[in-house]
Amino acid sequence: FPVTIFDAFAVPYFNVHPPYVLLSTQTSVQEGIKRCKAYDASITIDIVTESTDTIGRSLSEDIAEIIEDIINPDTFQDIDLSPYGYSVIDTTRGNDRSIETKTDNSYIYRKLITYNHLITKL
């Protein structure tokens, strides 16, 4: 199933309906490693789905699983950032939470997942 991906606040400018994914809050802190520049970076991914019944959250879980396989796969193969001058040393799945709300006609499910990355500059 195709899912549109937006960076932060792109959604309000389009007439978009769920499901979609927002690449949300991003943080980065330089670590005190002596021989290289290393950063503890994180990104929150916001998966937004909508359903007319109360069991519609399963679509957000399916999308979350696809994202997990890309960002933090069981093969432990990191995302290649070398074309951008960086290397991913480690990726962990941090906070995982959900928000549910009901409109007049449907239920909106948001699954928010934070991934933490240790990244070094090449």
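1. Strand S3 (residues 38-51) is largely enclosed by the rest of the structure, because 12 of its 14 residues are buried. Buried means under 20% relative accessible area, exposed means over 50%, and partly exposed lies in between (1.4 Å probe, protein chains only).

2. A word on the basis. This is a predicted model, in which local features need pLDDT of at least 70, side-chain atom pairs count only at pLDDT 80 or more, and totals for chains, interfaces and linings use all residues. Residues are numbered from 1 along each chain as its sequence is written, and side-chain values use heavy atoms, with hydrogens and water left out.

3. The overall layout. Helices (H or I, at least four residues) and strands (E, at least two) are DSSP runs, numbered from the N terminus. The C-alpha atoms fill a box of roughly 55 × 30 × 25 Å along the principal axes. Of the 122 residues, 33% count as buried.

4. Strand S1 (residues 4-7) pairs with S2 (residues 20-31) in the parallel sense, over four bridges. Pairing here requires at least two DSSP bridges between the strands. Phe 6 has Leu 22 of S2 as its bridge partner.

5. S2 also pairs with S3, in the antiparallel sense and over 10 bridges. A hairpin of six residues joins S2 to S3. Two bridge partners to look up: Leu 23 goes with Ile 45 of S3, and Val 21 goes with Ile 47 of S3. In a regular strand, side chains alternate between the two faces of the sheet.

6. S3 has a further antiparallel pairing, with S5 (residues 107-121), over 14 bridges. Ser 51 has Tyr 107 of S5 as its bridge partner.

7. Now the surface. Asp 62, Glu 65, Asp 69 and Asp 74 form a negative patch. Patch residues have over 30% relative accessible area and no salt bridge; like charges are joined within 9 Å, and nonpolar side chains (Val, Leu, Ile, Met, Phe, Trp, Tyr) within 5 Å. A salt bridge is a side-chain nitrogen of Lys or Arg within 4 Å of a carboxyl oxygen of Asp or Glu.

8. Asp 62 of this patch sits in helix H1 (residues 57-71). Asp 62 counts as partly exposed because its relative accessibility is 41%.

Note on methods: Accessible areas come from the Shrake-Rupley method with a 1.4 Å probe; for residues, only the protein chains shown count as cover. Lys and Arg count as positive and Asp and Glu as negative; His and the chain ends are not counted. The place of a charge is taken as NZ of Lys, CZ of Arg, CG of Asp or CD of Glu.
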